[in-house]
Amino acid sequence: MGEQDWQAKAQYHAARSRERAERIAELGEELLRARAGAAQDVVPPVYGVTRYSLFQPESPDWRLSQVDAAEYRDRLWAPERMAPRQQIFLEWAVPVYQRFHERHGYRHIVQHSPDLPDRWLDPLRAAAEANPALVLDPVGGWKGRIGAIRDDLRARGVPAGPLAWVRVDDDDLLATDYLDRLLPLVTLAHDGFAVSFGRGLTARYTDGALADFGVTVQAMVSMGLAFVGHHDGTGRTSFPSSARSHAVLHRHLPTVLDSRQVSYLRLLHGQQDRDVGRAASDPTQSRVVPDLDETLARLFPTVVGASDTASGTSGEVRPPSPGRP
């Protein structure tokens, strides 16, 4: 074989090698796109957790619990304290959680005392029967949520991957698009992170009506504070510790903080635990709410009929004054 023939053969094989390399690269890119698409099709599980007026004597989590147990029980489940919470949670919050469930498979764990009076427990059970989003858990304590999450993961056969749980009290509301902003952050890359959406609305609750709307921006609020972890496909989960006060968690956990959009509605009333034994607090930083009617209809539609929007205003929200969060 002559020199020219060897050169032609070498050029032919070199060209074939380049074609193979290019095809391998193309197949690699297609595989990455397929995996990314598959990952996007699997919505990571998210669990809300609400402590529904749990009876926890001497608990450090509650101001109300720092009194005699009998007095604490009477005050905890008194009609003047429970009636607002029952309306807020069952009429205004649960429909939003059910919407989350229908769109994203979201489940909301409601921790309640086993001896919660029937006056308050029966409507809660009825709501759970009508709304598959709700999971009643008569255990109590933040650690008790793990068993409810584990059992639900196993029952649903959820494959291993990232997941999150969300804290929200029984007298506060999450925006209808809350999960749309949380879900992109529920990834293995954020395993061990806390997520805080710091911008919200406030409103004064009085006898089933809302007025005096305002805006607050505060990092690490309890409303919608989320914790990203993972599970192994058998129900076993791992979450970052939430044992410390929510206000200082960012000192102990890596934290995603996003205060660009309204994410919660904080309802202010005379039966809140944080105000026991001291003057009522109001975190509102501005009474100027841009496009209040439209914002409520879009983000908090369940309260529209109870809202005195004439008491709110529209315009530009002024920034918090110096020294405020």
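I began with Ser53, which I located in the loop between strand E1 (46-51) and helix H2 (69-76). Helices (H or I, at least four residues) and strands (E, at least two) are DSSP runs, numbered from the N terminus.

I noted that the model is predicted, so local features need pLDDT of at least 70 and side-chain atom pairs count only at pLDDT 80 or more, while totals for chains, interfaces and linings use all residues. Residues are numbered from 1 along each chain as its sequence is written, and side-chain values use heavy atoms, with hydrogens and water left out.

I then looked up the backbone of Ser53 and found a positive phi of about 50°, although Ser53 is not a glycine. Most residues other than glycine have a negative phi. Is Ser53 buried or exposed? With 1% relative accessibility, Ser53 counts as buried (under 20% relative accessible area is buried, over 50% exposed, in between partly exposed; 1.4 Å probe, protein chains only).

I turned next to Asp291, a residue other than glycine with a positive phi near 50°. I placed Asp291 in the loop between strand E10 (255-268) and helix H7 (292-299). Its relative accessible area is 51%, and Asp291 is therefore exposed.

For the chain as a whole, I recorded seven helices and ten strands. Buried residues make up 47% of the 325 residues.

I also looked up contacts (heavy atoms within 4.5 Å). Of those in the chain with a separation of 6 or more, 77% join residues 24 or more positions apart.

Finally, I noted that the chain exposes about 16100 Å², of which carbon and sulfur atoms supply 52%; accessible areas come from the Shrake-Rupley method with a 1.4 Å probe.
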